[in-house]
Amino acid sequence: DIFEAIETEGPTANNVSGLESFVSNNSREPYTDEALLALARIYSANKDYPKATEACRRIALDFPDSRFKHEALYELGNVMYRTGRMEEARSVLEPVSTSSSAPVALRAKAGLLLKEIKTASYGDASPAPDAPVIGVLLPLKGAYAQFGEDALSGILLAADVFGGGTGAKVEIMVRDVSE
(Lines give C-alpha, C1' and ligand atoms only; values in the text may rest on other atoms or scores of the structure.)
Protein backbone atom coordinates (compact mmCIF):
# COMPACT_ATOMS: atom_id res chain seq x y z
CA ASP A 1 0.00 0.00 0.00
CA ILE A 2 1.50 3.32 -1.10
CA PHE A 3 0.11 5.26 1.89
CA GLU A 4 1.79 2.87 4.31
CA ALA A 5 5.06 3.12 2.39
CA ILE A 6 4.98 6.93 2.56
CA GLU A 7 4.21 6.77 6.28
CA THR A 8 6.95 4.28 7.14
CA GLU A 9 9.68 5.07 4.61
CA GLY A 10 8.98 8.73 3.95
CA PRO A 11 8.72 10.47 0.60
CA THR A 12 11.38 8.53 -1.31
CA ALA A 13 11.52 8.99 -5.08
CA ASN A 14 9.85 5.58 -5.58
CA ASN A 15 7.09 6.35 -3.09
CA VAL A 16 6.35 9.75 -4.61
CA SER A 17 6.31 8.19 -8.07
CA GLY A 18 3.91 5.52 -6.80
CA LEU A 19 1.65 8.14 -5.28
CA GLU A 20 1.68 10.18 -8.51
CA SER A 21 0.84 7.03 -10.47
CA PHE A 22 -2.02 6.24 -8.09
CA VAL A 23 -3.45 9.74 -8.56
CA SER A 24 -3.19 9.67 -12.34
CA ASN A 25 -4.76 6.19 -12.61
CA ASN A 26 -7.56 6.82 -10.10
CA SER A 27 -8.59 10.38 -10.87
CA ARG A 28 -11.82 10.35 -8.85
CA GLU A 29 -11.67 7.13 -6.89
CA PRO A 30 -11.72 6.88 -3.08
CA TYR A 31 -8.44 7.90 -1.44
CA THR A 32 -7.39 10.00 -4.44
CA ASP A 33 -8.07 13.18 -2.45
CA GLU A 34 -5.92 11.87 0.39
CA ALA A 35 -3.16 10.99 -2.07
CA LEU A 36 -3.36 14.49 -3.58
CA LEU A 37 -3.04 16.06 -0.13
CA ALA A 38 0.01 13.89 0.63
CA LEU A 39 1.55 14.93 -2.69
CA ALA A 40 0.78 18.61 -2.04
CA ARG A 41 2.58 18.43 1.30
CA ILE A 42 5.55 16.63 -0.24
CA TYR A 43 5.76 19.12 -3.11
CA SER A 44 5.48 22.03 -0.70
CA ALA A 45 8.23 20.64 1.54
CA ASN A 46 10.42 20.30 -1.56
CA LYS A 47 9.53 23.87 -2.60
CA ASP A 48 7.85 22.65 -5.79
CA TYR A 49 5.08 25.20 -5.34
CA PRO A 50 3.43 24.89 -8.78
CA LYS A 51 2.84 21.16 -8.25
CA ALA A 52 1.68 21.76 -4.66
CA THR A 53 -0.78 24.39 -5.87
CA GLU A 54 -2.14 22.10 -8.57
CA ALA A 55 -2.63 19.19 -6.15
CA CYS A 56 -4.53 21.40 -3.67
CA ARG A 57 -6.69 22.91 -6.38
CA ARG A 58 -7.56 19.46 -7.68
CA ILE A 59 -8.86 18.50 -4.24
CA ALA A 60 -10.97 21.64 -4.06
CA LEU A 61 -12.35 21.25 -7.60
CA ASP A 62 -12.61 17.47 -8.03
CA PHE A 63 -13.53 16.60 -4.44
CA PRO A 64 -15.65 19.46 -3.04
CA ASP A 65 -17.05 17.22 -0.30
CA SER A 66 -13.69 15.75 0.71
CA ARG A 67 -12.89 15.45 4.38
CA PHE A 68 -9.47 16.86 3.39
CA LYS A 69 -10.91 20.00 1.79
CA HIS A 70 -9.99 22.36 4.62
CA GLU A 71 -6.49 20.91 4.94
CA ALA A 72 -5.99 21.33 1.19
CA LEU A 73 -7.17 24.93 1.38
CA TYR A 74 -4.79 25.58 4.28
CA GLU A 75 -1.91 24.07 2.28
CA LEU A 76 -2.91 26.16 -0.75
CA GLY A 77 -3.00 29.33 1.35
CA ASN A 78 0.39 28.47 2.82
CA VAL A 79 1.88 27.95 -0.66
CA MET A 80 0.39 31.23 -1.87
CA TYR A 81 1.86 33.02 1.13
CA ARG A 82 5.28 31.44 0.60
CA THR A 83 5.23 32.57 -3.05
CA GLY A 84 4.26 36.14 -2.18
CA ARG A 85 0.61 36.04 -3.25
CA MET A 86 -0.67 37.58 -0.01
CA GLU A 87 -4.20 38.56 -1.06
CA GLU A 88 -4.84 35.15 -2.63
CA ALA A 89 -3.54 33.48 0.50
CA ARG A 90 -5.84 35.57 2.69
CA SER A 91 -8.87 34.78 0.52
CA VAL A 92 -8.17 31.04 0.81
CA LEU A 93 -7.29 31.01 4.53
CA GLU A 94 -10.06 33.23 5.91
CA PRO A 95 -12.85 30.70 5.21
CA VAL A 96 -10.74 27.93 6.79
CA SER A 97 -10.15 30.01 9.93
CA THR A 98 -13.88 30.64 10.41
CA SER A 99 -15.44 27.38 9.20
CA SER A 100 -17.18 25.46 11.96
CA SER A 101 -16.68 22.27 9.94
CA ALA A 102 -12.87 22.64 9.92
CA PRO A 103 -10.98 21.02 12.81
CA VAL A 104 -10.27 23.47 15.63
CA ALA A 105 -6.50 23.00 15.37
CA LEU A 106 -6.62 23.75 11.64
CA ARG A 107 -8.74 26.86 12.25
CA ALA A 108 -6.16 28.01 14.79
CA LYS A 109 -3.27 27.32 12.36
CA ALA A 110 -5.09 29.25 9.62
CA GLY A 111 -5.68 32.12 12.03
CA LEU A 112 -2.00 32.21 12.98
CA LEU A 113 -0.94 32.18 9.33
CA LEU A 114 -3.41 34.97 8.58
CA LYS A 115 -1.83 36.97 11.39
CA GLU A 116 1.61 36.31 9.90
CA ILE A 117 0.33 37.45 6.49
CA LYS A 118 -1.09 40.61 8.03
CA THR A 119 2.25 41.31 9.69
CA ALA A 120 4.12 40.71 6.43
CA SER A 121 1.69 42.88 4.47
CA TYR A 122 0.96 45.74 6.84
CA GLY A 123 3.69 45.74 9.45
CA ASP A 124 3.44 44.79 13.11
CA ALA A 125 0.14 43.04 13.87
CA SER A 126 1.07 41.91 17.33
CA PRO A 127 -1.31 42.41 20.23
CA ALA A 128 -0.88 45.30 22.63
CA PRO A 129 2.41 45.01 24.55
CA ASP A 130 0.58 44.32 27.78
CA ALA A 131 -1.72 41.65 26.28
CA PRO A 132 -1.28 38.30 28.02
CA VAL A 133 0.03 35.32 26.06
CA ILE A 134 -0.98 31.76 26.82
CA GLY A 135 1.24 28.97 25.53
CA VAL A 136 -0.43 25.64 24.90
CA LEU A 137 1.29 22.31 24.22
CA LEU A 138 -1.17 19.76 22.87
CA PRO A 139 -1.17 16.53 20.86
CA LEU A 140 -2.88 17.48 17.59
CA LYS A 141 -2.04 14.36 15.57
CA GLY A 142 -2.08 10.68 16.29
CA ALA A 143 -3.91 8.66 18.93
CA TYR A 144 -4.47 11.57 21.31
CA ALA A 145 -5.46 14.14 18.67
CA GLN A 146 -9.12 14.21 19.71
CA PHE A 147 -8.16 15.12 23.28
CA GLY A 148 -5.89 17.88 21.98
CA GLU A 149 -8.61 19.18 19.64
CA ASP A 150 -11.16 19.24 22.46
CA ALA A 151 -8.79 21.02 24.83
CA LEU A 152 -7.81 23.55 22.17
CA SER A 153 -11.44 24.22 21.36
CA GLY A 154 -12.14 25.05 25.00
CA ILE A 155 -9.04 27.21 25.29
CA LEU A 156 -9.86 29.18 22.14
CA LEU A 157 -13.46 29.68 23.20
CA ALA A 158 -12.37 30.85 26.65
CA ALA A 159 -9.89 33.26 25.08
CA ASP A 160 -12.61 34.60 22.76
CA VAL A 161 -10.47 33.97 19.68
CA PHE A 162 -13.54 33.58 17.51
CA GLY A 163 -14.98 36.95 18.59
CA GLY A 164 -18.31 37.87 20.01
CA GLY A 165 -17.22 38.49 23.59
CA THR A 166 -16.08 41.64 25.29
CA GLY A 167 -13.26 40.14 27.36
CA ALA A 168 -9.64 41.23 27.32
CA LYS A 169 -7.67 40.16 24.27
CA VAL A 170 -5.37 37.20 24.86
CA GLU A 171 -2.89 35.75 22.41
CA ILE A 172 -2.79 31.96 22.21
CA MET A 173 0.38 30.23 21.03
CA VAL A 174 -0.23 26.60 20.09
CA ARG A 175 2.46 23.95 19.60
CA ASP A 176 1.82 20.38 18.54
CA VAL A 177 3.59 17.85 20.76
CA SER A 178 2.49 14.71 18.91
CA GLU A 179 5.08 12.03 18.45
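1. The structure discussed here is a predicted model.

2. S91 belongs to helix α6. A polar atom of the S91 side chain lies 2.8 Å from the backbone oxygen of E88.

3. The largest nonpolar core comprises 36 residues, and L19, L36, L39, Y74, L93, L113 and I117 have the most contacts inside it. Two or more residues each come from α1 (2-9), α2 (13-25), α3 (32-45), α4 (49-62), α5 (69-82), α6 (86-98) and α7 (104-122). The most is given by α3, with eight residues.

4. Leaving aside residues up to four places away in sequence, L19 touches I2, F3, I6, A35, A38, L39 and I42. A second, separate core has 11 residues, including A105, A108, V136 and A159.

5. Helix α8 (residues 145-158) contains 14 residues; from first to last C-alpha it reaches 20 Å, close to the 20 Å expected at 1.5 Å a residue. Its buried residues are A145, G148, E149, L152 and L156. Viewed down the axis of α8, these buried residues fall within an arc of 100°, so they line one face of the helix. The face turned away from that buried side carries Q146, F147, L157 and A158, which are exposed.

Key: Residues are numbered from 1 along each chain as its sequence is written. This is a predicted model: local features need pLDDT of at least 70, side-chain atom pairs count only at pLDDT 80 or more; totals for chains, interfaces and linings use all residues. Side-chain values use heavy atoms; hydrogens and water are left out. A nonpolar core is a set of buried Ala, Val, Leu, Ile, Met, Phe, Trp, Tyr and Cys residues joined through side-chain atoms within 4.5 Å. Buried means under 20% relative accessible area, exposed over 50%, partly exposed in between (1.4 Å probe, protein chains only). Helices (H or I, at least four residues) and strands (E, at least two) are DSSP runs, numbered from the N terminus. Contact means heavy atoms within 4.5 Å. The expected span of a helix is 1.5 Å times one less than its number of residues. The arc is that of the directions from the helix axis to the C-beta atoms. A polar contact is a pair of N or O atoms within 3.5 Å; within protein, one must be able to donate a hydrogen and the other to accept it, and residues adjacent in sequence count only if both atoms are side-chain atoms.
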